[in-house]
Amino acid sequence: KYTGKSRQRRGGGVRDRCRTVNRDQTEIRYNRTDSLPWRVWSPYTERNPVWVNLSNDFRELPDGRILVTTEDGGMRQAAILPPAGQRDAIPVTPADQVVHSVETVSEDGTKLYYSGYADTGLERHLYSIPLDSKGAPASPERITKAGKTWDVRISPDRQTFVGTSSSPDHPPQTGLYRIDGTLLGWIEENALDAHHPYAPYK
């Protein structure tokens, strides 16, 4: 086995949380360790007889819980690993909607921002969804404009993002946006005007 990613935490006696993957990449274990006495255990394990996909979505929430994405249900979902001793991950996003990647979590740990395909498999968008909804996962809120597919990079302060979008009738555009999707200004508008090389094909 090898270590895929780790998160260190000093408080509460917990020293480290790490993800280990077996050599065949058919099993991911999400492990916890503590210092006194030193021990390692795995509150959650994802298995697939053929292959498990790795991601960079493994991160710790402010309250110490771990947010991951998993394909246990057939499509990639965001989920929270419960306290030690419980085995089932708690779904955050609906089971019938594909998560592409976790983008960030709000500073207070109550809201997840992620890229995915909640509306249609043809368009990737930025969505937000509560992390502490009771019962079944809440419905996500789409932030980016429909009719395009998006690639986003959220700023460290979580207040803005750079978004690049494109559609069948418009080449890629890149702009700076507020976290609610409001356009602040173009980085590359790539306006499809009379001087654009694509203009004859509009």
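**Strands, cavities and a surface patch**

Visitor: In this predicted model, what percentage of the contacts between residues at least 6 apart in sequence join residues at least 24 apart?
Guide: The count takes contacts in the protein chain between residues at least 6 apart in sequence. Of these, the share that joins residues at least 24 apart is 28%.

Visitor: What share of the 202 residues counts as buried?
Guide: A residue is buried when its relative accessible area is under 20%. Among the 202 residues of the protein chain, the share that counts as buried is 44%.

Visitor: Which element gives the largest share of the lining of the largest cavity?
Guide: The structure holds 2 cavities of 30 Å³ or more, and the largest has a volume of about 80 Å³. Of its 11 lining residues, those closest to the centre are Arg 17, Arg 32, Pro 43, Ile 66 and Leu 81. The largest share, 3 residues, comes from β3.

Visitor: Is Leu 176 buried, partly exposed or exposed?
Guide: Leu 176 sits in strand β15, residues 170-178. Together with Val 162, Leu 184 and Ile 187, Leu 176 forms a nonpolar surface patch with about 300 Å² of accessible area. Buried means under 20% relative accessible area and exposed means over 50%. Because its relative accessibility is 32%, Leu 176 counts as partly exposed.

Key
Residues numbered from 1 in each chain as written. Predicted model: local features only at pLDDT ≥ 70, side-chain atom pairs only at ≥ 80, totals over all residues. Heavy atoms only, no water. Patch = residues over 30% accessible without salt bridge, like charges linked within 9 Å, V, L, I, M, F, W, Y side chains within 5 Å. Areas by Shrake-Rupley, 256 points an atom, 1.4 Å probe, with all protein chains shown as cover. Salt bridge = Lys/Arg side-chain N within 4 Å of Asp/Glu carboxyl O. Helix = DSSP H or I, 4+ residues; strand = E, 2+ residues; numbered from the N terminus. Buried < 20%, exposed > 50% of the residue type's maximum accessible area, 1.4 Å probe, protein only. Contact = heavy atoms within 4.5 Å. 1 Å grid on protein atoms, 1.4 Å probe; cavity = no way out; pocket = protein on both sides within 12 Å on 5 of 7 lines; lining within 4 Å. Points joined across faces, edges and corners; volume = space filled by probe spheres on them.
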